[in-house]
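Have a look at the picture first, and then we'll go through it topic by topic.

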Amino acid sequence: MTALPSPPARARAGRALATLLLVLTVFGPISMDLYLPALPALTAELGAATSLAQLTVTACLVGLAVGQLIAGPLSDRFGRRGPALIGVAAYVIVSALCGASPTVEVLIAARLVQGIAGGVGIVIAQAAGRDVYEGGGLIRFYGRLTVIGGLAAIIGPLLGGALTAVLDWRGLFLVLAAIGVVILGWVAVGLPETLAPDARTGAGVAVIRRDIRLLLSDRRFVGAVVAQGFVYAALFAYLSGATYVLQGVYGLSPQGYALAFGLNSTGFMVFGYLAGRFSATWSVPGALAVGLAVAGVGAVGLLVAGVVHVPLAVVIASLFLLAAGTAITSPPSTTLALADYPSIAGTASSLLGAARFAFGGIAAPLVGIAGAFSILPLGVVTTVAVAAAAVTALALLRPTARAGVHASTTHLVTEGTPTCVE
């Protein structure tokens with residue numbers, strides 16, 4: 001059985017490093033989650049329309065995509081540690097600037113930069129994981145990335161909902177800056193360089209263009225990236241619209257919304273972990289198909305809720321299935337996209353991450369088209385997005401006659417262990 005290809009050299013893959021890489025995925029997504037319970041209050045204080053206020057979400061998503069596109073190729077050239085330090089430091093500064101924004105337009109611009117800085121951690125975590133893991137260990141690591149993303153999604157809204165009792169939305173951004181300071185210190189003392197100098201790519205735009213052409217010529221890579229982008233479009237539509245649906249339509253308090261969001265994020269975390277274990281021992285494409293099916297059921301439930309009135313429990317269950325399905329698709333999609341490209345894992349990761357957040361950034365404001373008191377746009381956007389993901393997977397991820405590098409991602413039975421080179 002063919003094992004996943006390995007990079008030419010590996011840094012030590014210990015528990016401390018794995019924990020730090022998981023934490024590096026937090027500070028970008030938590031920028032989305034922490035202030036969501038205060039989004040209606042922010043909208044009122046700044047006198048902004050609902051759709052305009054939701055652009056603060058979109059700007060962060062676009063920034064997360066752009067930041068990964070920038071940081072990925074740079075990390076392949078200069079290593080993982082330097083870009084990580086720069087990204088987290090910039091995040092601390094711009095988070096404080098978000099809290100001082102006098103208008104919604106200034107806040108949108110600041111959120112864009114905040115997202116760019118936050119995207120660095122995501123791409124570094126995925127690429128560094130590819131540096132130090134292989135085989136089943138690699139997909140289990142990506143499963144853990146999904147788990148920590150769900151954990152951040154639980155902690156973020158719960159903390160945000162609790163903090164709204166004593167802080168306004170400006171104070172929440174200062175909390176984000178403080179979180180960034182903690183992560184910056186941890187990175188400074190705990191992140192070694194995981195990409196050996198002889199494994200780095202050459203410099204220049206021409207090299208980056210060559211690597212991107214190589215990736216985009218791979219049908220399976222493109223299929224994994226685009227399918228995951230559509231799934232995350234549905235997820236971020238949920239992130240953007242659920243606060244208005246649950247608070248505006250069903251009358252939940254910010255704390256009640258945070259609890260409902262936390263329940264769904266628990267599903268995201270649990271099912272992401274199970275998907276990592278399931279994919280590593282059985283079928284990567286099979287796990288992706290299961291995730292798309294689960295997310296599709298949740299999306300259709302939201303669509304039905306937009307047409308006829310349903311109890312709150314039905315809406316929460318639909319959101320739970322949508323989040324769980326997204327989590328199930330994440331480890332297999334990441335493995336399909338990155339496993340075959342150890343030497344340009346940063347660039348591959350940047351394209352995958354950019355697709356997730358760019359598609360999400362496009363979808364997020366669409367759920368506010370009918371105002372803050374309608375579920376229908378959320379149902380339509382999520383259903384169309386998951387359906388598009390399924391069509392993409394069917395068209396581009398079908399088994400082919402190609403052997404070799406793709407065999408390992410079609411059926412992973414090797415356990416794979418982290419290795420090291422001193």
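Which residues of H5 are buried? They are Pro 83, Ala 84, Gly 87, Val 88, Tyr 91, Val 92, Val 94, Ser 95, Cys 98 and Gly 99, where buried means under 20% relative accessible area, exposed over 50% and partly exposed in between, using a 1.4 Å probe and protein chains only. Keep in mind that this is a predicted model, so local features need pLDDT of at least 70 and side-chain atom pairs count only at pLDDT 80 or more, while totals for chains, interfaces and linings use all residues. Residues are numbered from 1 along each chain as its sequence is written, and side-chain values use heavy atoms, with hydrogens and water left out.

**The overall picture**
- The protein has 16 helices and zero strands; both are DSSP runs numbered from the N terminus, with helices (H or I) needing at least four residues and strands (E) at least two.
- Buried residues account for 59% of the protein's 422 residues.
- Take the contacts between residues at least 6 apart in sequence: 89% of them join residues at least 24 apart. Contact here means heavy atoms within 4.5 Å.

**Helix lengths and kinks**
- Helix H5 covers residues 81–99, and its 19 residues should span 27 Å at 1.5 Å a residue; the end C-alpha atoms are 28 Å apart, which agrees. The expected span is 1.5 Å times one less than the number of residues.
- Helix H4 (residues 50–78) has 29 residues and reaches 42 Å from its first C-alpha to its last, close to the 42 Å expected.
- H4 also has a kink of about 30°, centred on Thr 56. That bend is the angle between axes fitted to the seven residues ending at a residue and the seven starting there.
- Why is H13 described as largely enclosed by the rest of the structure? It's because 21 of its 27 residues are buried.

**Where H9 meets H14**
- Helix H9 (residues 205–216) packs against helix H14 (residues 345–363) at an angle of about 60°, with the axes 10 Å apart. Axes are lines fitted to C-alpha atoms, for helices over the stretch in contact, and angles run from 0 to 180 degrees between N-to-C directions.
- On the H9 side you'll find Asp 211, Ile 212, Leu 215 and Leu 216, which meet Thr 347, Ala 348 and Leu 351 in H14.
- Those contact residues divide into five nonpolar, one polar and one charged. Ala, Val, Leu, Ile, Met, Phe, Trp, Tyr, Cys and Pro count as nonpolar, Asp, Glu, Lys and Arg as charged, and the others, Gly among them, as polar.
- Thr 347 counts as buried because its relative accessibility is 1%.
- Leaving aside neighbours within four places in sequence, Thr 347 is in contact with Gly 72, Pro 73 and Asp 76, as well as Asp 211, Ile 212 and Leu 215.

- Ser 31 sits in helix H2 (residues 30–33), and at 1% relative accessibility Ser 31 counts as buried.
- Not counting residues up to four places away in sequence, Ser 31 touches Cys 60, Tyr 91, Arg 111, Gln 114 and Leu 176.
- Gln 247 belongs to helix H10 (residues 219–249) and is buried, with a relative accessible area of 14%.
- Gln 247 and Pro 37 are 210 residues apart in sequence, yet their C-alpha atoms are 9.1 Å apart in space.
- Is His 309 buried or exposed? His 309 counts as exposed, at 71% relative accessibility, and it lies in the loop between helix H12 (284–307) and H13.
- The C-alpha atoms of His 309 and Ile 375 are separated by 9.6 Å, with the two residues 66 apart along the chain.
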